[in-house]
Amino acid sequence: MLCGRLLVQPATAGVFAGTGTGDIPDPQADGPADYGGDALVINFDVAGLTNEVQNVWLSVTMDHEWVGDLDVFLTSPAGTNFTIFSRVGSSAIHGFGYSCDLGGAYEFFDYATNTLEHVAAGLGATNIYDLNGTGATNIIPSGFYRPSAAGPGAEPATTFAANSGFVGLSPAQANGAWTLTVRDGSGGDTGAVTSATLYINEATPTPPPLRFTDIAAANGTVQLNLTGPFSQNFTLLRSTNLALPFTAWETAGGGTFDSLGNASFSTDAAQPQDFFQISVP
């Protein structure tokens, strides 16, 4: 007979600072689809993940003239590529994409409301004044944004959870070198990435069920093997009567489940008809 309740452990998150930030190479290319030149490649040394990837988000501080020139994507060690944004606003009318500039800290996060394309489209009709109240700028403001599919086209918002291919990567697939690649498809407009941070949430492992798995008698003792919540203390209770219903219990001992949720307990074999139950806080 078993009783008790399981404790849910919170997900853990890893924070990984990017290295290799700097100027975005200006390719002197002829159009936003021409990414044949050099790229800025930022590296994230991801280590210490012990569970599957649950979700990812990205923080990038950058500036660049003419956001429509850029192609930005994140790559996992497993080779999975995910577009953060690309050719923002590119269309038959805006072949090179929107001329708005980047200049701030941009957080690409699944639960954001806007995409860069959505905000850039609004800047075409609205002037954003600087802090002194003089002069207009078309800089896309810092803040939280959804990643989006590459232009030209509708550039629908995407999510890391549903579209990236990162969710569910095993520790062997996720630990290693992640890269953020920034490519410029048109010459003359320049910029740089000054910092980048990758955040990775690990999935919460499911603890084994609270139960007895085996019982064995040897050398005058009975060994009970049991499973339960990771690293959780437990109390083993023994019935004081042998007839149903079991209304009276006494403490037989206790212990702690290990990091895999396993434990064992030895008790006197002189009372082989005892009934036991597990109790956890």
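Helices (H or I, at least four residues) and strands (E, at least two) are taken as DSSP runs, numbered from the N terminus. The structure is a predicted model, in which local features need pLDDT of at least 70, side-chain atom pairs count only at pLDDT 80 or more, and totals for chains, interfaces and linings use all residues. Residues are numbered from 1 along each chain as its sequence is written, and side-chain values use heavy atoms, with hydrogens and water left out.

Alanine 47 sits in the loop between β3 and β4. Its relative accessibility is 49%, so alanine 47 is partly exposed (buried means under 20% relative accessible area, exposed over 50%, partly exposed in between, with a 1.4 Å probe and protein chains only). Contact is defined as heavy atoms within 4.5 Å. Leaving out residues up to four places away in sequence, alanine 47 touches Phe16 and Asn175. Proline 171 is 124 residues from alanine 47 in sequence, yet their C-alpha atoms are 8.8 Å apart in space.

Strand β3 spans residues 40–46. Its covered face consists of Leu40, Ile42, Phe44 and Val46. Its uncovered face holds Val41, Asn43 and Asp45. In a regular strand, side chains alternate between the two faces of the sheet. Two strands pair if DSSP finds at least two bridges between them. β3 and β12 run antiparallel and are joined by seven bridges. Asparagine 43 has threonine 179 of β12 as its bridge partner.

Threonine 181 also belongs to strand β12. Its relative accessible area is 9%, so threonine 181 is buried. Neighbours within four places in sequence set aside, threonine 181 contacts Ala39, Leu40, Val41, Asp71, Val72 and Phe73.

Aromatic pairs were examined next. A pair of aromatic rings is described by the distance of the centres and the angle of the planes. Rings of Phe, Tyr and Trp (its six-membered ring) pair if their centres lie within 6.5 Å; planes under 30 degrees apart count as stacked, over 60 as edge-to-face and the rest as tilted. This rule gives ten aromatic pairs. The ring centres of tryptophan 57 and tyrosine 199 are 5.0 Å apart and their planes are at 5 degrees, so this pair is stacked. Tryptophan 57 lies in strand β4 (residues 53–64) and tyrosine 199 in strand β13 (residues 191–202), so the pair ties together parts 142 residues apart in sequence. The pair of phenylalanine 166 and tryptophan 178 is edge-to-face, with 4.9 Å between centres and 65 degrees between planes. Phenylalanine 166 lies in the loop between α2 (160–163) and α3 (171–174), and tryptophan 178 in strand β12 (residues 176–184), so this pair links parts twelve residues apart in sequence. Phenylalanine 166 is buried at 0% relative accessibility. Tryptophan 178 is buried too, with a relative accessible area of 0%. One aromatic cluster is formed by Trp57, Phe109, Tyr111, Phe144 and Tyr199.

Helix α1 covers residues 116–123. Its buried residues are Leu116, Glu117, Val119, Ala120 and Leu123. They cover an arc of only 165 degrees around the axis, so they lie on the same side of α1 (the arc is that of the directions from the helix axis to the C-beta atoms).

An open sheet of three strands has the order β17-β16-β19, with antiparallel pairing. β17 (249–256) and β19 (276–279) stand at the edges, each with a single partner strand, so one side of each lacks a neighbour in the sheet. Strand β16 (residues 233–239) pairs with β17 over seven bridges, in the antiparallel sense. Leucine 237 stands opposite threonine 251 in β17.
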